[in-house]
Amino acid sequence: MNRDHLIITIGCEYGAGGPQIGKMLSETLGIEYYDRDLVDKVVEQLGVERGLVEEADKKKSVTYSFETSLGPRYANLTNRVIYTQSEVIHKMAEKSSCVIIGRSANYILRDRDDVLNVFIYAPKDVRVKSVMEQEHVKEDRAEEIINYNDEMNHSRHKYITGTDRGDRTCRDLLIDSSMLGWEKTAKYLLVLIEMLNE
C-alpha cells in the first residue's frame with residue numbers, strides 16, 4: 001500500500017450509508033471525494049444530455065442517437081458512459097488521494113497498489129429505516145427504492161466486472177454499518193487506514 005497516495009473505493013448497498021461514511025473519511029483525511037460529480041464529468045466529456053447519462057449510469061442498455069454524414073445513427077450510450085467513467089476514475093486516482101463511491105471503481109483500479117477497497121452493507125430493515133429518514137418516504141416506498149437501486153447497481157456491476165458487488169475476492173474489507181452506526185464505522189476505517197500507514 002502506497003502510504004503517500006491512497007485511494008479508497010466504497011461500494012455499498014443502497015441505504016447502508018456508503019456515501020455518508022465516504023464523505024466523513026474524505027473530510028477527516030483532507031482528501032477529494034467523488035460521487036455524483038462523476039456523472040457531471042462524463043456529461044462534460046460526452047456532451048450528451050445529463051438525464052440520458054444518468055440513465056446510462058444505472059442501466060446496461062441505453063441507446064442514443066448521433067448525427068453522421070449518412071444521417072442519424074444509434075449506439076449503446078451505457079458502454080460509452082462506462083468507458084468514459086473509467087477514464088475519469090483513472091485520472092482522479094492518478095491526480096491525488098481520494099474517496100470514490102461506487103461506479104465499480106474497485107475493479108477499474110484493480111491494477112493499482114495504493115487502493116483500499118471497502119464494501120458497506122446492512123440488514124434490509126435497517127436500510128429501509130435509513131431511506132425513510134433520508135428521503136422522507138413511507139416504508140413501502142423506501143423498500144421500492146432500495147430494491148430498484150440494488151437491482152440496478154448489481155446488474156451494472158456484474159455487466160462491467162463479471163462479479164457480484166459484495167464479492168469478497170474483489171474487496172479488502174466488507175463491513176456491516178449497522179454494527180457501529182455510520183459515524184463509528186468511519187472512525188473504525190480511519191483506524192485501519194492509520195495502521196496501514198504505520
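1. No disulfides turn up here: the structure holds zero, a disulfide being a pair of cysteine sulfur atoms within 2.5 Å. Cys-12 is buried at a relative accessible area of 15%, and Cys-98 is buried at 0%. Buried means under 20% relative accessible area, with exposed over 50% and partly exposed in between (1.4 Å probe, protein chains only).

2. Before going on, the ground rules: this is a predicted model, where local features need pLDDT of at least 70 and side-chain atom pairs count only at pLDDT 80 or more, while totals for chains, interfaces and linings use all residues. Residues are numbered from 1 along each chain as its sequence is written, and side-chain values use heavy atoms, leaving out hydrogens and water.

3. Now the sheet. Five strands make an open, parallel sheet in the order E2-E5-E1-E6-E7; two strands pair if DSSP finds at least two bridges between them. Helices (H or I, at least four residues) and strands (E, at least two) are DSSP runs, numbered from the N terminus. E2 (32–34) and E7 sit at the edges, each pairing on one side only. Neighbouring strands are turned by 20 degrees against each other on average, direction ignored. E6 and E7 pair over four bridges, and Ile-120 stands opposite Ile-175 in E7.

4. Two helices pack on this sheet. H1 touches E1, E2, E5 and E6, and its direction makes about 165 degrees with that of E1. H8 touches E1, E6 and E7, at about 155 degrees to E7. Contact means heavy atoms within 4.5 Å; axes are lines fitted to C-alpha atoms, for helices over the stretch in contact, and angles run from 0 to 180 degrees between N-to-C directions.

5. What about the nonpolar core (buried Ala, Val, Leu, Ile, Met, Phe, Trp, Tyr and Cys residues joined through side-chain atoms within 4.5 Å)? The largest one has 21 residues, and those with the most contacts inside it include Ile-8, Leu-25, Val-118 and Leu-189. Elements giving two or more residues to this core include E1 (7–12), H1 (18–29) and H8 (182–196), and H8 has the largest share, four residues. Among the residues Val-118 touches, not counting those up to four places away in sequence, are Ile-10, Ile-175 and Leu-189. A second, separate core of 13 residues includes Tyr-34 and Leu-109.

6. Last, H7 (139–161): its 23 residues reach 32 Å from first C-alpha to last, close to the 33 Å expected (1.5 Å times one less than the number of residues). Buried residues in H7 include Ile-145, Asp-150 and Arg-156. Gly-162 follows H7 with a positive phi, near 80 degrees.
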